[in-house]
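Let's get to know a protein together, one question at a time. Take a look at the sequence and the structure first.

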Amino acid sequence: MLPIGQKTMVVLASLTGLMTIGTLVYMLVAPPAALHRTRDGVAYFTPPVINPIDGQSMNVARLAAYYKGNVAAGRQVVAIRPVATGGGH
């Protein structure tokens, strides 16, 4: 016969294991909306990112579409750096 402390630990460990398995099954069967992704692989609730060229915020979904080949989607998102013309050197 197990002492009361060991019985309590067995019950708590079993309960924790069942809750872990139940949570994993729930996440596979009915994932929350925050885990859904667009067809480009961008999560729905992704915040905008900062464009390093001009400091403005960009929509990540449009940026992903641009880099996948849809140039029209990212025309206003991706700025083109001005080309320096030589002459002062």
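Here are some questions about this structure, each with its answer.

This is a predicted model, in which local features need pLDDT of at least 70, side-chain atom pairs count only at pLDDT 80 or more, and totals for chains, interfaces and linings use all residues. Residues are numbered from 1 along each chain as its sequence is written, and side-chain values use heavy atoms, with hydrogens and water left out.

Q: In what order do the elements of the protein run from the N terminus on?
A: Helices (H or I, at least four residues) and strands (E, at least two) are DSSP runs, numbered from the N terminus. The protein has two helices and two strands. From the N terminus on, their order is α-β-β-α.

Q: Among the elements of the protein, which has the highest mean pLDDT?
A: The predictor's confidence in each residue is called pLDDT and goes from 0 to 100. For the protein the mean is 79, and 76% of its residues reach 70 or more. Among the elements, α2 has the lowest mean, 78, while the highest, 96, belongs to α1.

Q: Is Leu-28 buried or exposed?
A: Leu-28 has its place in helix α1, residues 4-29. Buried means under 20% relative accessible area, exposed over 50%, and partly exposed in between (1.4 Å probe, protein chains only). With a relative accessible area of 73%, Leu-28 is therefore exposed.

Q: Which residues of helix α2 are buried?
A: Helix α2 covers residues 60-67. Its buried residues pack against β1 (49-50) and β2 (57-58), where a contact means heavy atoms within 4.5 Å. They are Val-60, Leu-63, Ala-64 and Ala-65.

Q: At the start of α2, which residue has a backbone nitrogen within 3.0 Å of a side-chain oxygen of Asn-59?
A: Asn-59 lies in the loop between β2 and α2. Asn-59 counts as partly exposed because its relative accessibility is 43%. At the start of α2, its side-chain oxygen reaches to within 3.0 Å of the backbone nitrogen of Ala-61.

Q: How far apart in space are Asn-59 and Val-49, C-alpha to C-alpha?
A: Along the sequence, Asn-59 and Val-49 are ten residues apart. In space, C-alpha to C-alpha, the distance is 6.7 Å.

Q: What separation do the C-alpha atoms of Pro-47 and Val-60 have?
A: Pro-47 is found in the loop between α1 and β1. Pro-47 is exposed, because its relative accessible area is 54%. Pro-47 and Val-60 are 13 residues apart along the chain, and their C-alpha atoms are separated by 7.5 Å.

Q: Which residue just after α2 takes a positive phi?
A: The place to look is just after α2. There, a positive phi of about 120° is taken by Gly-69.

Technical notes: Polar contact = N/O pair within 3.5 Å; in protein donor to acceptor, adjacent residues only side chain to side chain.
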